[in-house]
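Let's take a walk through a protein model together. Have the picture open while you read, and look up each residue as it comes up.

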Amino acid sequence: MNSDTGRAVFSTFLRSEFSEENMDFWLACEDYKKTAPSKLMTRAKQIYQQYVEADAPNEVNLDAATREETRQNVENACPSCFNEAQRMIYVLMAKDSYRRFLNSKLIQDLSQTQTTAEKKMEMKNCDCEENRQALSGGA
C-alpha cells in the first residue's frame with residue numbers, strides 16, 4: 001500500500017475480481033484525512049454516500065455495527081471518522097484479496113517478466129565486464 005506501483009498492480013487485480021471499490025474506498029479515506037477542516041463535512045458525506053451507506057454505488061463490505069458507527073461519525077465529521085471502516089476494509093483486502101493476488105496469474109506473470117529482465121541485465125553487465133577486460137588487455 002506504500003508503493004504507487006504496487007497499489008496500481010493490486011488495483012488491476014481487484015478490478016478483475018470486481019472488488020476495486022475496496023481500494024477506492026481506502027484511497028478516498030487516505031485523501032479525506034488531508035481534507036481542509038472547512039470541507040470535511042461535505043467530503044465525509046460524499047464518501048459515505050459513495051461507499052458506506054446501504055446500496056451505495058460502490059458499497060464496501062462492512063458489518064452493520066461499523067456501518068452505523070461510521071454513519072454517526074459522519075454527522076460530526078473529523079479527520080478520523082472513517083478510521084474503523086477503513087481498517088476493516090484494509091484487513092479484508094489483506095486476508096482475502098491480497099492472498100489471492102499473490103497466487104494470481106497476474107503476479108506470477110509480473111514476477112516472471114521481472115526475473116527475465118534481471119537475467120538480461122546480469123548478462124549485459126557480464127558482457128560489459130568481459131569487454132572491459134579485453135580492452136584493458138585482460139588486466
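## A first stop: Lys 33 and its partner

Lys 33 counts as partly exposed because its relative accessibility is 36% (buried means under 20% relative accessible area, exposed over 50%, and partly exposed in between, using a 1.4 Å probe and protein chains only). Its side chain meets that of Glu 30 in a salt bridge, at 3.1 Å from N to O. That term means a side-chain nitrogen of Lys or Arg within 4 Å of a carboxyl oxygen of Asp or Glu. Glu 30 is partly exposed too, with a relative accessible area of 26%.

## What you are looking at

This is a predicted model, so local features need pLDDT of at least 70 and side-chain atom pairs count only at pLDDT 80 or more, while totals for chains, interfaces and linings use all residues. Residues are numbered from 1 along each chain as its sequence is written, and side-chain values use heavy atoms, with hydrogens and water left out.

The chain's secondary structure comes to 6 helices and 0 strands, so reading along the sequence gives you α-α-α-α-α-α (helices are DSSP runs of H or I with at least four residues, strands are runs of E with at least two, and both are numbered from the N terminus). Of the 139 residues in the chain, 27% are buried. The chain exposes about 9200 Å², and carbon and sulfur atoms supply 51% of that; the areas come from the Shrake-Rupley method with a 1.4 Å probe, and for residues only the protein chains shown count as cover.

How many salt bridges does a search of the whole structure find? It finds 8. Side chains of opposite charge can pair when their charged atoms come close.

Arg 67 and Glu 59 form one of these bridges, at 3.4 Å from N to O. Is Arg 67 buried or exposed? Arg 67 is buried, because its relative accessible area is 14%, whereas Glu 59 is partly exposed at 31%.

Arg 71 and Glu 68 make another bridge, at 2.5 Å from N to O. These two are 3 residues apart in helix α4 (residues 64-75), so about one helical turn separates them. Arg 71 is partly exposed at 30%, and so is Glu 68 at 32%. Elsewhere, salt bridges that share partners join Glu 17, Asp 96 and Arg 100 into one network.

## Val 74 and its neighbours

Val 74 also sits in helix α4, and it counts as buried because its relative accessibility is 5%. Leaving out residues up to four places away in sequence, Val 74 touches Met 41, Ala 44, Lys 45, Tyr 48, Cys 81 and Phe 82 (contact means heavy atoms within 4.5 Å). Take Tyr 48: Val 74 and Tyr 48 are 26 residues apart in sequence, with 7.5 Å between their C-alpha atoms.

Now zoom out to the chain's contacts between residues at least 6 apart in sequence: 58% of them join residues at least 24 apart.

## Two threonines

Where does Thr 35 lie? You'll find Thr 35 in the loop between α2 (20-32) and α3 (40-52). Thr 35 is buried, because its relative accessible area is 18%. Leaving out residues up to four places away in sequence, Thr 35 touches Leu 40 and Arg 43.

Thr 12, on the other hand, is found in helix α1 (residues 4-16), and counts as partly exposed at 38% relative accessibility. Its C-alpha atom is separated by 9.9 Å from that of Phe 101, which is 89 residues away along the chain.
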